[in-house]
Amino acid sequence: MGIRKEENLYYIEAKQFSMILENREGYLLLKHIGKKIGSYHFSNSIYERDHAFSGNPDPNIRTFSLDTQRQVIGLHGLGDFRKPSLVVECGNHSVTEFKLVADRIISGSLEVEGLPSPYVTDKAETLELVLEDVVTKLRLYLYYTAYEDYDTITSFNRLENVGSDQVVIHRQLSTMLDLPKSNYELLTFQGAYAREKTVRRQKVSQGIFSIASNRGASGHAQTPALILCQEGSQEDSGEALALQLMYSGNFQAFIQENQLGEVRLGIGINDDNFSWELQPQSSFSSPLALITYSNQGLTQLSQESQVFVRDEIMSPVYAHQERPVLINNWEATYFDFTKDKLLELADDAAQLGIELFVLDDGWFGNRFDDNRSLGDWVVNEEKLGGTLANLIDEVHAKGLKFGLWVEPEMISENSDLYRQHPDWCIQVPNRSHTYSRNQLVLNLANKEVVAYLKTTFDTLLANHDIDYIKWDMNRNITNIGNGSYYLETQMQSHRYMLGLYELVSYLTESYPHVLFESCAGGGGRNDLGMMRYFPQVWASDNTDAIARLPIQYGSSYLYPTISMGAHVSASPNHQMGRTTPLDTRGHVAMMGNLGYELDLTSLSQSEKELIKAQVSHYKQLRPIVQFGQHYRLINPDEVSNEVAVQFNYQDNVLVTYVRIQSQIETMETTLKLKDLEEGRLYQLVGSGQVYSGAELIYAGLTMSLVQGDYISQQLHFQAL
Ligand code: DGJ
């Protein structure tokens, strides 16, 4: 376990996952990545063969070419024709050659300066490899941290300029891996607004496939992650490797299969609109990447990632704290609310057992629609019928916690803030703005703006008894041009991220009792960078239960269930127009952190009774969903008409099954459950029915649903 060096090999060993790097006269080669090899010794022979048109650094060794070696950094100009991981402009060229000069084994994990990192732990070891380019006087530090209890290795790097001339970084990926030829498939999580995290699975073939964002946020349409698996891998079989970036801004992730069928993976900051001036005696750190491995299929890979994210990335205050059932007034009222209406909603919520009342957009400035007032974080006391403190007290008096919506990164042109500081938004001088939702983005690369936001939200939080914040972000960044010269502007997008991380780390550290939920028009920035500070995320603006199934499915690949807010909304649904039974809406939302987002006051008595029963039932099930192991039993792919998910927690098993379209003269599905004890008895809660674990695993349970579209069933078993 941990890191060890034997001769010219470095063994980086996590729980059941190893990487072995070879030092071949200064070149770093990736000898193995995959199953843990324990204390076995590896030879240090490398594959060598003369390949046509491959460059050789040594004229006497035609069999050694960087184009055919598996590496962890890729440099161009030295005969490796694949995509490089590092490109630095040094005077009139960008050819660098980094050779290993030193190494160090550090106990524990490290933080990346200014960027989100997993919490520092001593149950890990870190390998530091120092490489130098003697010509340009650049030093590259590579870091690999192996965690004792996880099948995850984290990696980042730092480039230091020890020379006397400025250089310009044009690309510095966080991690790169070259893998042997095999039949691979690639999974990515794409989609669009309101259909985030759509799982895309494809065969890998010669050429480059990349996903990237240049939106200033990771975006709805892509997730900073890749999963590479053996062709045909299933939930319970096959080798799989996930690469994830802990960063919320512009990113790129690619896979390249070269002319010999070998594969290169890379992930890091996107090159679009990015360069970094590296002054003498300064350094630049890449964001951190996570590499997670499973040799038992995709479910195990997901569980490994979910548990690492929950226990090492999410705030320890919230990782194991049950999340409150909330009511959010957005789809209940939109901007059109009064104090009386809010209190009526809160009244009903309290009676139904809901625990947190969230006041969404529209409580500040002159914000009666989405065209104005962002930036004017002054309570509109006329609209609220009094102070915010009064409203909070009244909500608290009903036994509910109080939450508030904010969108700090934005500014409306029609706002006092814009009138005072027109230069605070992101813009190109002498060009008109580009609008989106009629709003502009504040330049968080400007320290003055970050300082202003710290003070503003500090004041709000210090003076109000707020229990929860929904941090929204409703547009992407355009018109980047605040720098006084080109390269300064090229640094703006990353500086924005540094400013954002500084702001959110300050606020979350100052107010640890406040539960923060991130949102970017739903899942427009649902990534590990934000999750480090905000332990909950509003996964999509699409609140339709059926549309939500693939979104929740996609999220489950890498993120823990406890990170995901899921709300029951009105029927017909506001985004999809679909009519779905309240039972099914409840069952689907109960596969995440349950909330409600509809006008409770307009519901019939029987609907209210049903919601009351749902809330009370969820409180029983909550630890199973939020802390349990997650299993995908039936996935919502293109051909599937049904979805089934299982959670195991202590002696409890919860299975949720949803059938989308009603069918006639077909047999109902038999679900075979996972990871139970064969010899144990499990009782179906609410009935006297008892099954052996063996029966549930091998014979399974045949579902029995009434006819109708969008029907679901929830089964809770308790081990006896
Ligand atoms: C977009 C969010 O995703 C919604 O939930 C809501 O908060 C609106 N913004 C408010 O403007």
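## Helix packing

Helices are DSSP runs of H or I with at least four residues, numbered from the N terminus. Their axes are lines fitted to C-alpha atoms over the stretch in contact, and angles run from 0 to 180 degrees between N-to-C directions. The model is predicted: local features need pLDDT of at least 70 and side-chain atom pairs count only at pLDDT 80 or more, while totals for chains, interfaces and linings use all residues. Residues are numbered from 1 along each chain as its sequence is written, and side-chain values use heavy atoms, with hydrogens and water left out.

The axes of helix 13 (residues 582–589) and helix 14 (residues 605–627) come within 11 Å and cross at roughly 25°. Helix 13 is therefore roughly parallel to helix 14, a term for angles under 35 degrees. Helix 8 (residues 447–463) packs with helix 10 (residues 492–510) at about 20°, the axes being 10 Å apart. These two helices, helix 8 and helix 10, are likewise roughly parallel to each other.

## The ligand and its surroundings

Around the ligand are 13 residues, of which Asp360, Asp361, Lys470, Asp472 and Asp541 come nearest; a residue is near if one of its heavy atoms lies within 4 Å.

Polar contacts are pairs of N or O atoms within 3.5 Å. A polar side-chain atom of Asp361 lies 2.6 Å from an oxygen atom of the ligand, and an N or O atom in the side chain of Arg437 is 2.9 Å from a ligand oxygen atom. For Asn474, a side-chain N or O atom is 3.4 Å from a nitrogen atom of the ligand.

Conventions:
A polar contact is a pair of N or O atoms within 3.5 Å; within protein, one must be able to donate a hydrogen and the other to accept it, and residues adjacent in sequence count only if both atoms are side-chain atoms. Angles under 35 degrees count as roughly parallel, over 145 as roughly antiparallel, 65 to 115 as roughly perpendicular and the rest as oblique.
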